[in-house]
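Here is a short report for a reader new to this structure. Look over the sequence and the model first, then read on.

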Amino acid sequence: MNLYDPVRGKARRKELGLSATRLADLCGVSATAIYKYEGGELRPSFLTFIKLAHHLRISLDSLVEQAAQASPADEDDGRAVLIKAIYVAEALRHEAPSQRRT
């Protein structure tokens, strides 16, 4: 399942004034990867997707809504995505300030 929307991701990055290099540093990937995500050439891993959402300030509600739309017929898969999203989002939220890359 691919929840990352390249067009919206790029627009949000630009709206926040983040360079691809800065977003890449925050997410632990290369700037080339960010450009490929935004160009639709590469899909981010689930963990990278959650990090992108976190640093692009995309709400968990939005992620859950996208997960539901992506697989409405497969409820169990949607729940698994939701559980993973909550776990990773909470881990990022509770990360010690000294560990954060801001």
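## Overall fold

From the N terminus on, the elements of the protein chain follow the order α-α-α-α-α-α. That gives 6 helices and 0 strands. Helices (H or I, at least four residues) and strands (E, at least two) are DSSP runs, numbered from the N terminus.

This is a predicted model: local features need pLDDT of at least 70, side-chain atom pairs count only at pLDDT 80 or more, and totals for chains, interfaces and linings use all residues. Residues are numbered from 1 along each chain as its sequence is written, and side-chain values use heavy atoms, with hydrogens and water left out.

## Burial

The protein chain has 102 residues, and 31% of them count as buried. Buried means under 20% relative accessible area, exposed over 50%, partly exposed in between (1.4 Å probe, protein chains only).

## The nonpolar core

A nonpolar core is a set of buried Ala, Val, Leu, Ile, Met, Phe, Trp, Tyr and Cys residues joined through side-chain atoms within 4.5 Å. The largest one here has 17 residues. Those with the most contacts inside it include Y4, I34 and L52. Two or more residues each come from α2 (20-27), α3 (31-39), α4 (46-55) and α6 (75-93). The largest share, 5 residues, is from α2.

Contact means heavy atoms within 4.5 Å. Beyond its neighbours within four places in sequence, L52 is in contact with Y4, L23, C27, I34, Y37 and P44.

## E38

E38 lies in helix α3. E38 is buried, with a relative accessible area of 10%. Not counting residues up to four places away in sequence, E38 touches Y4, P6, G9, K10 and R13.
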